[in-house]
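This report describes a structure made of protein chains. Please keep the sequence and the 3D view at hand while reading.

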Amino acid sequence: MKNIKRSLVQFFTAIFANSNLPGFIQGRIYQGSLKQVCVPFLNCYSCPGALFACPVGSIQTVAAYGGRFSLYVFGLIFTFGAIAGRWICGWLCPFGFFQELMAKLSIKKYAIPRVLRLIKYLALFLTVLLPFVWIDPLTNLASPYFCKYICPAGTLEAGIPLLVTNGDLRSLVGGLFAFKLLFLFVWLILMAITYRPFCRVLCPLGAFYGLLNKYSLYKLNIEKSHCSSCGSCSIACPMNLQVTEELNSPECIRCLQCKKSCPNHALEYKVAIVADQRTSLPANQ
Amino acid sequence: MKYGGIMRFLPLILIGFGITSLVYGIVIDEPQAVFDIAIRICLSCMGLE
């Protein structure tokens with residue numbers, strides 16, 4: 001069962017966050033005052049269409065060039081994470097939406113080994129820490145390392161469109177861009193053969209929101225007396241979770257597929273401080 | 001997950017912490033620092049040298 005509402009929200013969020021359309025023609029980025037505002041999802045601010053700043057890029061660059069930890073960016077993503085957890089990944093992130101579109105290609109799908117999911121926590125740790133403690137040997141300066149060496153969203157949303165439309169930048173293409181292009185190509189293949197590989201394996205923002213998933217205000221609850229343990233929810237889960245055993249897992253992006261698939265309406269998304277009273281009801285009540 | 005007492009309000013406590021950090025960041029003018037970064041083409045993001 002498809003979730004049209006979620007697809008529409010993802011689509012319009014992607015359009016809204018990247019609606020500086022003249023930028024795509026002129027090969028320039030938006031430089032207005034909205035760039036002060038961070039969005040709570042991964043969206044490269046060097047994309048010609050981007051109206052807002054990317055939190056992953058901002059927190060690293062403020063650390064690398066300003067030498068300080070950005071409480072503004074941290075507070076923003078912490079607040080969003082404490083309210084909704086990885087709902088932001090599932091409903092708002094344009095790069096997540098792009099990965100879902102890639103996964104629609106009719107190619108045999110493979111599961112991601114669970115242990116690989118731990119890599120994103122290392123990515124989160126290094127993303128925050130490295131700009132403070134490591135000097136880039138290429139430039140003798142601290143850099144936003146995740147953006148520079150890893151982020152395929154930056155290559156896809158910023159690198160390729162700007163190089164196509166802005167001739168001045170083409171002279172800067174070198175080994176690093178070739179590496180990032182190859183890296184992006186690998187991720188595009190992975191996106192076609194598995195569901196949201198970047199979100200599950202490498203996204204530092206997904207890791208951050210995942211840590212808050214169990215404690216967020218909006219979360220999944222199960223009415224145990226209604227659950228027949230039929231397993232429909234786990235079969236429907238695109239993130240390959242055992243839903244009833246891994247309720248509000250750090251991997252859950254709150255896509256609502258489990259809720260829709262449940263024949264007994266045992267799963268509900270609710271505000272946490274209200275919902276917990278219901279989950280504690282004994283089965284015979 | 002069952003929990004009671006003050007732990008039931010943990011989400012609200014976390015949201016309060018996040019908002020406090022966000023507001024303090026705004027007060028000390030960090031959006032301007034983000035703006036100064038975000039209005040320039042980030043060559044690092046693009047993988048250019």
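## Basis of the description

A residue is called buried when its relative accessible area is under 20%, exposed when it is over 50%, and partly exposed in between (1.4 Å probe, protein chains only). At 2% relative accessibility, B:Glu30 therefore counts as buried.

The model is predicted, so local features need pLDDT of at least 70 and side-chain atom pairs count only at pLDDT 80 or more, while totals for chains, interfaces and linings use all residues. Residues are numbered from 1 along each chain as its sequence is written, chains are lettered from A and ligands numbered from 1 in the order in which they are written, and side-chain values use heavy atoms, with hydrogens and water left out.

## Chain B

Helices (DSSP runs of H or I, at least four residues) and strands (runs of E, at least two) are numbered from the N terminus. Chain B has three helices and zero strands, in the order α-α-α from the N terminus. Of the 49 residues in chain B, 47% are buried.

## The interface of chain B and chain A

Contact means heavy atoms within 4.5 Å. In this sense, 37 residues of chain B touch 59 residues of chain A. The buried area, which is the accessible area (1.4 Å probe) that two parts lose on being put together, summed over both, is about 4000 Å² between the two chains, and carbon and sulfur atoms give 69% of it.

The interface also holds eight residue pairs in polar contact, both residues being at pLDDT 80 or more. A polar contact is a pair of N or O atoms within 3.5 Å; within protein, one must be able to donate a hydrogen and the other to accept it, and residues adjacent in sequence count only if both atoms are side-chain atoms. On the side of chain B that touches chain A, two or more residues come from each of helix 1 (10-27), helix 2 (30-38) and helix 3 (43-46) of chain B. Helix 1 of chain B gives the largest share, 13 residues.

## Salt bridges

A salt bridge is a side-chain nitrogen of Lys or Arg within 4 Å of a carboxyl oxygen of Asp or Glu. B:Glu30 belongs to helix 2 of chain B, and A:Arg68 to the loop between helix 3 (55-66) and helix 4 (71-84) of chain A. A:Arg68 is partly exposed, at 33% relative accessibility.

Within chain A, A:Arg6 and A:Glu100 form a salt bridge at 2.9 Å between the closest N and O atoms. These two residues are 94 residues apart, A:Arg6 in helix 1 (residues 4-17) and A:Glu100 in helix 6 (residues 94-103) of chain A. A:Glu100 also forms a salt bridge with A:Arg196 (2.7 Å, N to O). A:Arg6 is buried at 7%, A:Glu100 at 9% and A:Arg196 at 0% relative accessibility.

## Aromatic pairs

Rings of Phe, Tyr and Trp (its six-membered ring) pair if their centres lie within 6.5 Å; planes under 30 degrees apart count as stacked, over 60 as edge-to-face and the rest as tilted. There are 19 aromatic pairs over all chains. A:Phe183 and A:Trp187 form an edge-to-face pair, at 6.1 Å centre to centre and 80° between the planes. Because they are four residues apart in helix 10 (residues 175-193) of chain A, about one helical turn separates A:Phe183 and A:Trp187.
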